[in-house]
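Hello,

Here is the structure we talked about. Please open it alongside this message; my notes follow below.

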Amino acid sequence: MGGQPQGNSRPSRAAGRAGPRSIGEAQHTCAEYLNKDGGQRDRDTSALATLGSASAAHTSPDYPKCCLWLSLPVWLQHRRDQHTSQGIAYSTLPMYLGELAPQNLRGALGTMTEVFVIIGVLLAQIFSLQAILGNATGWPILLALTGVPAVIQLLSLPFFPESPRYTLIEKGDEETARQALRRLRGQNYNVEAEMEEMRTEERTEQAEGRLSVLNLFTFRPLRWQLISIVVLMAGQQLSGINAVNYYADVIYTSAGVDPTQSQYVTLGSGVINLVMTLVSAVIIERLGRRILLLSGYAICCSACLVLTVALLLQSTAPELSYLSIVCVFSYIVGHSIGPSPVPSVVRTEIVLQSSRTAAFTVDGAVHWLTNFIVGLTFPSIQVAIGAYSFLVFAGVCILTAAYIYVVIPETKGRTFVEINCAFAKRNGVEFPEEKEVATAKPHTPSLPTKETAF
């Protein structure tokens, strides 16, 4: 999840990684849900918990297996509910965390969605080992376990405060926003500085109101922010994380790993994934977003290049099969440092409140679509060109890193308004905050107010 949802056919992976999801089920529901009038972050997450627990009930071991197979609509209902909750969670949870986080912890909290997704993946890989629940008698229990975190969320989320930023800027309820901040920061914490920062953002975008997805595509002051979101999410999936996982079993087998034991190697890669994502969460506020993204893509690109060479030559030099395993683990390290966790932080930071739900809908659509494309096409590409397919992913890593280096500014330690000021020049508009500074200077022509005002 990237977020990095990943997929393969092995039992140990099938439970831990989602393959190509149904775009119609996951994203269409997410788009409608997030863009409806008055949609609330905390209630959205309660809804997805309800869906998750309901879908788990359909696969409970108490539900007769014969009924499960005889009643196909029940099984389809389970899949629909599960995919819907995934689609909502992927957009709502990072948005909620990004809006309530203090500025100095925005990066660390923003990566927590990815951290706990990977924890879920790792637990699924453990429980789906053939010696535990990954067998003919254990799989109903394995599927039913997805209801446990959903029930916990369902019981706890009503006690969470609504997003203060959403409450103040979109609802205009300053007192409720202040109370929510005090609940989050502590009663003795002076929240007025944060309240003033939110008021500044509200004044900045007051003229435009809530943007829809269609408005977002035609709104010039957010042009490069929207392009950046698309590039980050497409790069995350098209850089090859699912393909590397898909091909991993072949690599492990060629290195002499018994096919029945490769599930334990997969489990080791899951541990590496979790450890490096935690490292990213710890250092993101020290090193910044750009350096983690650039270094992550550099590692992924290098791993793909070396992996291509190792796969091509291992028929003549069998010992290179071990180098292939190192490349797989190195790729996972690189992706876990930057391309997987950091885009969820950046996408929250580079848009303002009124356009955030629309931007997240576009973000989710690109994420699931590119995930689907890789899952659908990689097996055919791999058959057609073999090891050279990883050169395609190396090229995507290079292009994505080049875009990040040229276009995306560092967002660490900056307010949402300051970050949008940094994009204003590239968008060819005069940001409202800049206008206030320029009032004492000689008048210079600018674009029409209709195009430039927030």
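**What turned up**

Phe393 touches Leu238, Ser239, Gly240, Ala243, Cys304 and Phe378, leaving out residues up to four places away in sequence. Phe393 sits in helix α21. Its relative accessible area is 8%, under the 20% cut-off, so Phe393 is buried. Take Leu238 from that list of contacts. Phe393 and Leu238 are 155 residues apart in sequence, yet their C-alpha atoms are 6.7 Å apart in space. Please keep in mind that this is a predicted model.

**The chain as a whole**

The chain has 454 residues, and 53% of them are buried. It holds 24 helices and zero strands. Now take the contacts between residues at least 6 apart in sequence. Of these, 79% join residues at least 24 apart.

**Helices α14 and α21**

Helix α14 covers residues 223–238 and helix α21 covers residues 389–406. Their axes come within 10 Å and cross at roughly 155°. Angles over 145 degrees count as roughly antiparallel, so that is how α14 and α21 run relative to each other. The crossing of α14 past α21 is left-handed. On the α14 side, the contact is made by Trp224, Ile227, Ser228, Val231, Leu232, Gly235 and Leu238. On the α21 side, the residues are Phe393, Val396, Thr400, Tyr403 and Ile404.

**Helices α17 and α18**

How far apart are the axes of α17 and α18? They are 8 Å apart, and the two helices pack at an angle of about 165°. Helix α18 spans residues 320–337. By the 145-degree cut-off, α17 and α18 are therefore roughly antiparallel to each other. This crossing is left-handed. From α17, the residues in contact include Leu292, Gly296, Ile299, Ala303, Cys304 and Leu307. From α18, they include Leu320, Leu323, Cys327, Tyr331, Gly334 and Ile337.

**The largest nonpolar core**

The largest nonpolar core has 59 residues. Which of them touch the most other members? Leu216 and Phe390 do. Helix α17, residues 289–313, gives the most to this core, with nine residues. Beyond four places in sequence, Leu216 touches Leu211, Leu222, Leu226, Ser355, Ala358, Ala359 and Val362.

**Arg356**

Is Arg356 buried or exposed? It is buried, because its relative accessibility is 0%, under the 20% cut-off. Arg356 belongs to helix α20, residues 353–385. A polar atom of the Arg356 side chain lies 3.3 Å from the backbone oxygen of Thr348. Thr348 is also among the residues in contact with Arg356.

**Thr111**

One more residue, this time in a loop. Thr111 lies between α6 (106–110) and α7 (112–127). Its relative accessible area is 0%, so Thr111 counts as buried. Which residues does Thr111 touch, not counting those up to four places away in sequence? They are Ala281, Ile284, Pro341 and Val345.

Best wishes

Terms used
Residues numbered from 1 in each chain as written. Predicted model: local features only at pLDDT ≥ 70, side-chain atom pairs only at ≥ 80, totals over all residues. Heavy atoms only, no water. Core = buried A, V, L, I, M, F, W, Y, C linked by side-chain atoms within 4.5 Å. Buried < 20%, exposed > 50% of the residue type's maximum accessible area, 1.4 Å probe, protein only. Helix = DSSP H or I, 4+ residues; strand = E, 2+ residues; numbered from the N terminus. Contact = heavy atoms within 4.5 Å. Polar contact = N/O pair within 3.5 Å; in protein donor to acceptor, adjacent residues only side chain to side chain. Axes fitted to C-alpha atoms, helices over the stretch in contact; angles between N-to-C directions. Parallel < 35°, antiparallel > 145°, perpendicular 65-115°, else oblique. Left-handed = near helix turned anticlockwise from the far one by under 90°.
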